[in-house]
Amino acid sequence: MTISRFLKFFILVFCVFVMADHADAQVRKRTTSTTSKNKKSVKNKMEITPPFSEKLTGDLLFGNLGFFNGLSISSKANVGYKLHERFSAGGGMKLFYDQFSVQGPDPSILDLGGFVFGRGKITNEIYVQAEYAFMNYSKDPDGFLPFRGIIENEAINFPLIGAGYMSGGDKWKFGIQLMFNTNERARDLQRSIIEYWFGASYNF
């Protein structure tokens, strides 16, 4: 092989290597750029997606007060999760306490239960709510309460529907809630058709 042919061959090989290296550099650049963009996209999504705790809600409510011929008071607490900015679902517990003024020792009864709920916000303050309750009503203590009419604890499951209003600060809001009891037997034992509640709501 003459020197001129060797130089031509060398130049050709050199050019091939240079072009190959250049092409590889371009591929690495595009890959790095794509990876960087993907990382930025994931980071942005992580920044946009709120943490789990930010989607939790909670209510602490009191209601159904009565002072005629005794004392009546109820409490209700629940925890929910925001499936959407305007829709949440969850569960909780509630109790109804009644003490009656009669001759002799004042008898009292305590009804306990749990419930699951779904809530939809119509506006930033007004909402509608559906519940399904699992209540356990206490028996008549020693026959002092003839209107109660049960000698053993009675369990009743039933739905409720209603609406509420909450207003206030960023995290804590205060308001009222009205729930319609759809079960006639439960209404008789609670001595009311409408449950009314007032109190505080967190991350409403």
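Predicted model: local features only at pLDDT ≥ 70, side-chain atom pairs only at ≥ 80, totals over all residues.
Trainee: In what order do the elements of the protein chain run from the N terminus?

Mentor: Helices (H or I, at least four residues) and strands (E, at least two) are DSSP runs, numbered from the N terminus. The protein chain has two helices and eight strands. Their order is α-β-β-β-β-β-β-β-α-β.

Trainee: With which side chain does the side chain of S72 make a polar contact?

Mentor: S72 is found in strand β2, residues 70-84, and is buried at 14% relative accessibility. Leaving aside residues up to four places away in sequence, S72 touches several residues, among them N64, Y97 and R191 (contact: heavy atoms within 4.5 Å). A polar contact is a pair of N or O atoms within 3.5 Å; within protein, one must be able to donate a hydrogen and the other to accept it, and residues adjacent in sequence count only if both atoms are side-chain atoms. At 2.5 Å, the partner of the S72 side chain is the side chain of D98.

Trainee: Is the aromatic pair of F52 and Y81 stacked or tilted?

Mentor: Rings of Phe, Tyr and Trp (its six-membered ring) pair if their centres lie within 6.5 Å; planes under 30 degrees apart count as stacked, over 60 as edge-to-face and the rest as tilted. By this rule there are six aromatic pairs. The rings of F52 and Y81 are 5.3 Å apart, centre to centre, with 25° between the planes, and the pair is stacked.

Trainee: How many residues apart in sequence are the parts that F52 and Y81 tie together?

Mentor: F52 is exposed, with a relative accessible area of 56%, whereas Y81 is partly exposed at 27%. F52 lies in the loop between α1 (3-48) and β1 (56-66) and Y81 in strand β2, so the pair ties together parts whose separation in sequence is 29 residues.

Trainee: Which residues are joined with K76 into one network of salt bridges?

Mentor: Side chains of opposite charge can pair when their charged atoms come close. A salt bridge is a side-chain nitrogen of Lys or Arg within 4 Å of a carboxyl oxygen of Asp or Glu, and E131 and K76 form one at 2.5 Å, N to O. E131 lies in strand β5 (residues 126-137) and K76 in strand β2, so this pair ties together parts 55 residues apart in sequence. Through shared partners, K76 is joined into one network with K94, E131 and E195.

Trainee: Over the face of which residue does K76 lie?

Mentor: K76 is buried, at 0% relative accessibility. A charge sits over a ring if NZ of Lys or CZ of Arg is within 6 Å of the ring centre and within 35 degrees of the ring normal. K94 lies over the face of F115 at 5.7 Å from the ring centre. K76, at 5.1 Å from the ring centre, lies over the face of F115.

Key: Residues numbered from 1 in each chain as written. Heavy atoms only, no water. Buried < 20%, exposed > 50% of the residue type's maximum accessible area, 1.4 Å probe, protein only.
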